[in-house]
Amino acid sequence: VTATTGHVQVWKYSPAGGGPDVVADFGTGVAYGLAVDANGDIYAAMRTGPTANSLVYRVGRNGIPALLPGTENIVWANSLAFDQRGNLYITETYSGSSAPYGQGGIWRVPPGGEAEIWLRDDLLTGIGGTPPAGANGIGYYHGDLYVVNSLRYPKSLVVRVPIRPDGSPGQPDVWAELSEVPGTPEGLRQLYPLMGDGLALDVHGNVYVTVVTRCAVVRINAEDHSQETVATLFAAPSDPLFAPLDAPNTIGFSTGKGGRQDVFVTNMGLFKASGLPFPGRGIVKIEAGEPGLPLP
């Protein structure tokens with residue numbers, strides 16, 4: 001888990017909630033995405049200054065952050081995902097240093113190599129915000145990347161990008177459009193657009209998206225692309241769909257034995273920070289009902 005309180009650390013919790021143990025300390029900054037590879041190395045994206053580009057670091061067992069070369073050229077490194085060959089993909093929420101901002105995109109870091117721009121595309125570009133919130137959560141499944149475009153006003157999209165056999169990107173397409181989450185208070189709908197954020201996949205290729213402005217997690221069915229609610233703050237506390245979500249962003253499946261049907265979601269706590277009686281920052285455990293993908 002990356003802390004976003006001005007002083008950035010990586011914290012480790014046990015599946016039962018024990019911790020946190022500090023795994024790495026980055027000093028002052030703002031944290032974004034985090035990923036773990038099959039060797040247990042941690043990869044974290046963050047911004048270290050108010051006008052600086054983002055950076056991505058690898059943290060090994062010694063706890064010392066090592067900058068991934070080339071990532072200093074990414075304007076806003078957001079979320080991270082690996083493919084089965086060990087390539088690391090990094091979403092760039094927008095490019096360019098000032099308005100009008102450039103397209104959103106994806107960077108790739110090959111094993112042992114340097115970060116390179118892999119794709120920029122209109123479907124990965126946000127519309128309606130300043131700066132625009134485009135490419136965000138990302139996941140890999142069977143040769144395709146799935147990316148959340150947080151705000152392509154008035155929509156929020158899941159975009160699929162095929163990876164060709166030679167490693168180059170295929171033509172992106174709109175795999176799904178997020179729809180409203182039933183039960184969300186009308187006042188919240190009127191104040192905030194529908195915005196997806198984090199993304200994870202289960203073994204069947206179903207896509208799970210955190211809806212930051214609806215305090216919910218939804219699942220997009222791999223077969224017919226229909227949407228169902230997995231968890232929401234606005235269900236009754238006795239309802240199995242209830243979860244204490246407050247501006248949820250990152251989502252990831254448990255990889256532990258016996259727990260692979262659980263997802264863990266980080267709360268940014270933005271609504272409580274605004275003075276509303278919401279749950280605030282934290283980590284929320286939710287039963288997904290399907291096992292998640294193993295680490296590549």
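The model is predicted, so local features need pLDDT of at least 70, side-chain atom pairs count only at pLDDT 80 or more, and totals for chains, interfaces and linings use all residues. Residues are numbered from 1 along each chain as its sequence is written, and side-chain values use heavy atoms, with hydrogens and water left out. The structure holds eleven aromatic pairs and nine salt bridges.

**Terms for place and exposure**

- Helices (H or I, at least four residues) and strands (E, at least two) are DSSP runs, numbered from the N terminus.
- Buried means under 20% relative accessible area, exposed means over 50%, and partly exposed lies in between (1.4 Å probe, protein chains only).

**Aromatic pairs**

- A pair of aromatic rings is described by the distance of the centres and the angle of the planes.
- Rings of Phe, Tyr and Trp (its six-membered ring) pair if their centres lie within 6.5 Å; planes under 30 degrees apart count as stacked, over 60 as edge-to-face and the rest as tilted.
- The structure holds eleven such pairs. Tyr89 and Trp118 form one that is edge-to-face, at 5.2 Å centre to centre and 70° between the planes.
- This pair links distant parts of the chain: Tyr89 sits in strand β8 (residues 88-92) and Trp118 in strand β10 (residues 116-120), 29 residues apart. Both Tyr89 and Trp118 are buried.
- Tyr192 and Phe271 also pair edge-to-face, with 5.6 Å centre to centre and 85° between the planes.
- Tyr192 lies in the loop between α1 (186-191) and β15 (196-201), and Phe271 lies in helix α2 (residues 270-273), so this pair ties together parts 79 residues apart in sequence.
- Tyr192 counts as partly exposed because its relative accessibility is 34%. Phe271 has 6%, so Phe271 counts as buried.
- Ring pairs also link Tyr32, Trp76, Tyr94 and Tyr101 into a cluster.

**Salt bridges**

- A salt bridge is a side-chain nitrogen of Lys or Arg within 4 Å of a carboxyl oxygen of Asp or Glu.
- Arg120 and Glu92 are joined by a salt bridge through their side chains (3.0 Å, N to O). Arg120 lies in strand β10 and Glu92 in strand β8, so the pair ties together parts 28 residues apart in sequence.
- Arg120 is partly exposed because its relative accessible area is 35%. Glu92 counts as buried, at 0% relative accessibility.
- Glu116 and Arg108 form another salt bridge (3.1 Å, N to O). Glu116 is partly exposed at 33% relative accessibility, whereas Arg108 is buried with a relative accessible area of 16%.
- In the salt bridge of Arg152 with Asp122, the closest N and O atoms are 2.6 Å apart. Arg152 is in strand β12 (residues 144-152) and Asp122 in the loop between β10 and β11 (135-141), so-called distant parts of the chain, 30 residues apart.
- Arg152 is buried, with a relative accessible area of 16%, and Asp122 is partly exposed at 41%.
- A network of salt bridges links Glu180, Arg189 and Arg214.

**Nonpolar cores**

- In soluble globular proteins, nonpolar side chains tend to be buried together.
- A nonpolar core is a set of buried Ala, Val, Leu, Ile, Met, Phe, Trp, Tyr and Cys residues joined through side-chain atoms within 4.5 Å.
- The largest core has 24 residues, of which Val217, Leu245, Ile251 and Ile286 touch the most other members.
- Strands β18 (227-232), β19 (248-253), β20 (262-267) and β21 (282-287) each supply at least two residues of this core.
- A second, separate core has 17 residues, including Tyr141, Leu201, Val209 and Ala216.

**Two single residues**

- Asn78 is in strand β7 (residues 77-82). Asn78 counts as buried because its relative accessibility is 8%.
- The Asn78 side chain makes a polar contact with the side chain of Asn136 (3.4 Å). A polar contact is a pair of N or O atoms within 3.5 Å; within protein, one must be able to donate a hydrogen and the other to accept it, and residues adjacent in sequence count only if both atoms are side-chain atoms.
- Pro154 is in the loop between β12 and β13 (155-162). Pro154 counts as exposed, at 57% relative accessibility.
- The C-alpha atoms of Pro154 and Ile127 are separated by 8.3 Å, and the two residues are 27 apart along the chain.
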